[in-house]
Amino acid sequence: MSGRTDSGTEPAIAGTAETAETEATEATEDVADPVPGARRARWTALGTGALLSLAGLAASLLCLTGSAPALVPAAYALGAALCALAAVLGLRGRTRRALWLLVAGTTVMAVGDQFD
């Protein structure tokens with residue numbers, strides 16, 4: 001006897017290992033790639049920040065020509081500046097900070113509008 005037993009379990013174990021490897025590979029392929037999601041978040045922060053800053057500047061200029069108190073156009077301009085900063089941060093990948101600056105900028109514009 002050579003000391004080896006041919007019980008037939010070796011192919012079954014090897015088959016199980018190959019099956020587990022295949023399932024693990026398929027599981028990792030199913031996970032979404034985070035790069036497109038991060039890129040989408042950057043572009044969304046950039047676009048939203050640019051749009052809100054342009055809207056804030058337009059509202060500021062319109063309030064300057066009207067009879068609104070000086071605090072209203074200043075609030076719109078400050079909110080627009082915060083949204084522009086959010087757009088820059090979003091472009092550089094700081095999307096959480098950009099989101100909070102967008103919220104702050106929009107809030108400043110809304111509070112300034114209440115003084116009108």
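**Figure 1. Phe-115 lies in the segment after helix α4.** In this predicted model, Phe-115 counts as partly exposed because its relative accessibility is 48%, a value in between the limits of 20% for buried and 50% for exposed. Setting aside residues up to four places away in sequence, Phe-115 touches Pro-69, Leu-71 and Val-72. Pro-69 is 46 residues from Phe-115 along the chain, yet their C-alpha atoms are separated by 7.5 Å.

**Figure 2. Helix α3 packs with helix α4.** The axes of α3 (residues 71–91) and α4 (residues 95–113) are 8 Å apart and form an angle of about 170°. Angles over 145 degrees count as roughly antiparallel, so α3 is roughly antiparallel to α4. Residues of α3 in the contact include Val-72, Tyr-76, Leu-82, Cys-83 and Leu-89; among their counterparts in α4 are Arg-97, Leu-101, Val-108, Met-109 and Asp-113. By class, this contact comprises 16 nonpolar, six polar and two charged residues.

**Figure 3. Helix α2 crosses helix α4.** The axes of α2 (residues 34–65) and α4 come within 10 Å, with a crossing angle of roughly 20°. Angles under 35 degrees count as roughly parallel, and α2 and α4 are therefore roughly parallel to each other. The crossing of α2 past α4 is left-handed. On the α2 side, Ala-41, Arg-42, Ala-45, Thr-48, Gly-49, Leu-52 and Gly-56 take part in the contact, meeting Thr-95, Ala-98, Leu-102, Thr-106 and Met-109 of α4. Six nonpolar residues, five polar residues and one charged residue make up the contact of α2 with α4.

Definitions and conventions: Residues are numbered from 1 along each chain as its sequence is written. This is a predicted model: local features need pLDDT of at least 70, side-chain atom pairs count only at pLDDT 80 or more; totals for chains, interfaces and linings use all residues. Side-chain values use heavy atoms; hydrogens and water are left out. Axes are lines fitted to C-alpha atoms, for helices over the stretch in contact, and angles run from 0 to 180 degrees between N-to-C directions. Helices (H or I, at least four residues) and strands (E, at least two) are DSSP runs, numbered from the N terminus. Angles under 35 degrees count as roughly parallel, over 145 as roughly antiparallel, 65 to 115 as roughly perpendicular and the rest as oblique. Contact means heavy atoms within 4.5 Å. Ala, Val, Leu, Ile, Met, Phe, Trp, Tyr, Cys and Pro count as nonpolar, Asp, Glu, Lys and Arg as charged, and the others, Gly among them, as polar. A crossing is left-handed if the near helix is turned anticlockwise from the far one by less than a right angle, and right-handed if clockwise. Buried means under 20% relative accessible area, exposed over 50%, partly exposed in between (1.4 Å probe, protein chains only).
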